[in-house]
Amino acid sequence: MHRIALDDIAQADAFDFISIPESTRRVIRFRHAGRFIHAPTAALIYQFREVLEGRDTRVAELEQPVFAWK
């Protein structure tokens, strides 16, 4: 378990979305401490941030990176 400050997830550039050729869905990544955390963890953190902002955001349409499939 790692602690992530709420300020870290609230930053505008904390999350990004990329495309991969293997899927039509976007892959979410969370940038933390100079590294990327990928879905499903990134999706969970993203959804938590959205709840804190008062938004009802679903993450089921987001993809995991290919290495998570294998």
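Is D16 buried or exposed? I looked this up before anything else. D16 has 19% relative accessibility, so it counts as buried (buried is under 20% relative accessible area, exposed over 50%, partly exposed in between, with a 1.4 Å probe and protein chains only).

A note on what I am working with. This is a predicted model, where local features need pLDDT of at least 70, side-chain atom pairs count only at pLDDT 80 or more, and totals for chains, interfaces and linings use all residues. Residues are numbered from 1 along each chain as its sequence is written, and side-chain values use heavy atoms, with hydrogens and water left out.

Next, salt bridges (a side-chain nitrogen of Lys or Arg within 4 Å of a carboxyl oxygen of Asp or Glu). My search of the whole structure turned up 6. In one of them D16 pairs with R31, with the closest N and O atoms 3.7 Å apart. I placed R31 in strand 2 and D16 in strand 1 (residues 15-18), so this pair ties together parts 15 residues apart in sequence (strands are DSSP runs of E, at least two residues; helices are runs of H or I, at least four; both are numbered from the N terminus). R31 is partly exposed, at 37%.

I then checked R58 and D56, whose side chains meet at 3.7 Å, N to O. Both R58 and D56 are exposed. Shared partners join D16, R29 and R31 into one network.

Last, I looked at A42. I found that A42 touches F15, I28, R29, F30 and I37, leaving aside residues up to four places away in sequence (contact means heavy atoms within 4.5 Å).
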